[in-house]
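Biologist: Before I use any of these labels, I would like to know what stands behind each one. Can we take them in turn?

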Amino acid sequence: YSEVIDISGLNQCAATVDLAATGIFMGGDDYIRAYYSVDGGAETLFINGDQSGQFGSLTAESGIFSGNSLQIIIRVNNSNAFFNILPAINTFDNVTVIDVPEERYSIANGDWNTTASWAYTSGGAPGAYVPIAGNTVHIEDGDDITVTGTQACDSVIIFGATGGTTTQLIVDGGTLNVGGGMYLRTDGGIPNFNQDGVFYIQNSGVATINGNLSLLADDRGVAVDVTSSAELTINGDVSLTSATSGSGAVLGANAATLNVNGDIDFLGAQGDDDITVRLQGAALMNFTGNFDRSATGNYGELNCDEASIFNFSGNSAQTMSMIDYGASTLNWQYGEVRINNLAGVTLDANVPQAASNRVRDDIRVLSGTLNSGGFSILLPDAKEFQVAAGATYSTTSTDVTGGIPTFNGTSGT
């Protein structure tokens, strides 16, 4: 056992130790094993820290850790010395504790879980430790970083590129947990970027953002897109902003699940479809917050395919936004609407059947209450307005027309 090493002044750190084996009679029974313990806790084997036989020499590395104290543990077995004349010797030396920077910058296309993808500074040398919980991750300069295993970090910043290809963070069948927020911006504050910045979750991948998600499109577009049975959960607010006409800020799902446990703020755009929430195919969106469409200028677009489901599932009162801002909004349309909110969901305008302002499929009040707010509801022919057993529809007028109302499972006209 080494002496106890004080690491309380370091935020994140790692350790290395040199291991070596000498002696021509080293056998398979001879080994050296290097471990480390943080704050007197369980012993953790160093990467490459279990060596046997005549392995030569190497440097064993720990993972990243944090705490107040560190202790190194070495276990050795030497059983094959030749009458103590030609001994078998395992040695260790040069224990080093490294102060690991919190920032990680993409430096090349590659998997998240490889040091070749990361540097400690923008444009720096590759070889930085793989990001973990507590690290701020920057994806930039047209790099593609792919998550295929289970990974974590504190926050993510994605910038577009001045040339070449789109900058992409892709969760491809893996899992990514972001402890804080995520920020996507096209140009990183530098004009004339000509490539987008995007975050993809695909092929049954799962991602969680435990903070706010901000998309700012200036020179080009930014997007967060969930596809092919993947799932994204955002435990914070979403803000969508476009500073240049034709540069889109898009939050979308296609045959996948999108959970937004906060508000969606449309913070202004130059074009009527530059800031968009888009649900395609059999996408499901569970939404616990409200839309803020009060910014001046263009007010954002909601564009949902008929097969999609928009589920109001909050624990506090929600508004089902239907306001038609005319030329300032290209589309504001839902597919199927479901109400699952015991605190109630209230309309803020009529539900018409205009080509760009409508509910395209059923309205189903499955639990809680839908309040008409004194507005009318017009559904397409052969669609249903359902109020399930135990749920409530509260209205002050005759406000369901054009569809087939269903109350507690009983169809009527």
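This is a predicted model: local features need pLDDT of at least 70, side-chain atom pairs count only at pLDDT 80 or more; totals for chains, interfaces and linings use all residues.

Modeller: Start with Val38, which touches Phe65, Ser66, Gly67, Ser69 and Leu70, leaving out residues up to four places away in sequence. Contact here means heavy atoms within 4.5 Å. Val38 itself lies in strand β3, residues 31–38.

Biologist: Why is Asp93 called partly exposed?

Modeller: Buried means under 20% relative accessible area and exposed means over 50%, with partly exposed in between (1.4 Å probe, protein chains only). Asp93 has 48% relative accessibility, so Asp93 counts as partly exposed.

Biologist: What does Asp93 touch, leaving aside neighbours within four places in sequence?

Modeller: Asp93 is in contact with Val17 and Asp18. Asp93 and Asp18 are 75 residues apart in sequence, and their C-alpha atoms are 5.2 Å apart. Asp93 is found in strand β7, residues 89–99.

Biologist: What counts as a strand, and how many are there in the protein chain?

Modeller: Strands are DSSP runs of E with at least two residues, and helices are runs of H or I with at least four; both are numbered from the N terminus. On that basis the protein chain has 43 strands and 0 helices.

Biologist: What makes two strands a pair, and which sense do β14 and β17 take?

Modeller: Two strands pair if DSSP finds at least two bridges between them. Strands β14 (residues 155–159) and β17 (residues 182–185) have 4 bridges and pair in the parallel sense. Val156 stands opposite Met182 in β17.

Biologist: Which open sheet holds that pair?

Modeller: The one of 9 strands, in the order β10-β8-β11-β14-β17-β20-β23-β26-β29, with mixed pairing. Its edge strands are β10 (118–119) and β29 (291–292), each of which pairs on one side only.

Biologist: How many bridges join β18 to β21?

Modeller: There are 5 bridges between β18 (residues 197–202) and β21 (residues 222–227), and the two strands run parallel. Tyr200 stands opposite Asp225 in β21.

Technical notes:
Residues are numbered from 1 along each chain as its sequence is written. Side-chain values use heavy atoms; hydrogens and water are left out.
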